[in-house]
Amino acid sequence: MTGGTSMDLAHFLRIEREQPGGSRHYVVHLCDPRFSLELTPDGAAPDQIGQGVIKRVCLPNSCAGDYHKYSKLLDAAQDFFAQSFGVPASKGETRRFNT
């Protein structure tokens, strides 16, 4: 993890939506505090994905001022984004989601 953050990546989910002109990528934190971010792959990274470039962050108003906590979670979300491209889903997972 970035900066020594120890975070359970199972608490994240990446959603990819195809649309005209390309796809959109979202990472959702499934546990409290719940939040989501929209990322785009980093074209300047050696693998053309990197940790993603954050385009939008959606988090609850109650978290205002607790920035150090969210910076660690955002780092973990970007790590998850990068790792999610390298690990294919198991057949059990794809069957679960009917893909």
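## Elements of the chain

Helices (H or I, at least four residues) and strands (E, at least two) are DSSP runs, numbered from the N terminus. By that rule, Leu-30 lies in the loop between β2 and β3. The protein chain has two helices and four strands. Along the sequence they follow the pattern β-β-β-β-α-α.

This is a predicted model: local features need pLDDT of at least 70, side-chain atom pairs count only at pLDDT 80 or more, and totals for chains, interfaces and linings use all residues. Residues are numbered from 1 along each chain as its sequence is written, and side-chain values use heavy atoms, with hydrogens and water left out.

## The chain as a whole

Buried residues make up 27% of the 99 residues. Buried means under 20% relative accessible area, exposed over 50%, and partly exposed in between (1.4 Å probe, protein chains only). The chain exposes about 6,600 Å², and carbon and sulfur atoms supply 53% of that area. Accessible areas come from the Shrake-Rupley method with a 1.4 Å probe; for residues, only the protein chains shown count as cover.

Contact means heavy atoms within 4.5 Å. Of the contacts with a separation of 6 or more, 43% are between residues 24 or more positions apart.

## Helix α1

Helix α1 covers residues 67–84. Its 18 residues should span 26 Å at 1.5 Å a residue, and its end C-alpha atoms are 25 Å apart, which agrees. The expected span is 1.5 Å times one less than the number of residues.

Among the buried residues of α1 are Tyr-70, Leu-73, Leu-74 and Phe-80. The buried residues of α1 pack against β1 (12–19), β2 (22–29), β3 (35–40) and β4 (53–58).

## The nonpolar core

A nonpolar core is a set of buried Ala, Val, Leu, Ile, Met, Phe, Trp, Tyr and Cys residues joined through side-chain atoms within 4.5 Å. The largest one has 14 residues, of which Phe-12, Val-27, Phe-35, Leu-37 and Ala-77 touch the most other members. The elements that give two or more residues to this core are β3 and α1. The most come from α1, with seven residues.

Take Leu-37. Leaving aside neighbours within four places in sequence, its contacts include Val-27, Ile-54, Leu-74 and Ala-77.

## Around Leu-30

Leu-30 counts as partly exposed because its relative accessibility is 38%. Not counting residues up to four places away in sequence, Leu-30 touches Ala-10, His-11, Phe-12 and Leu-13. Leu-30 and His-11 are 19 residues apart in sequence, yet 5.3 Å apart in space, C-alpha to C-alpha.
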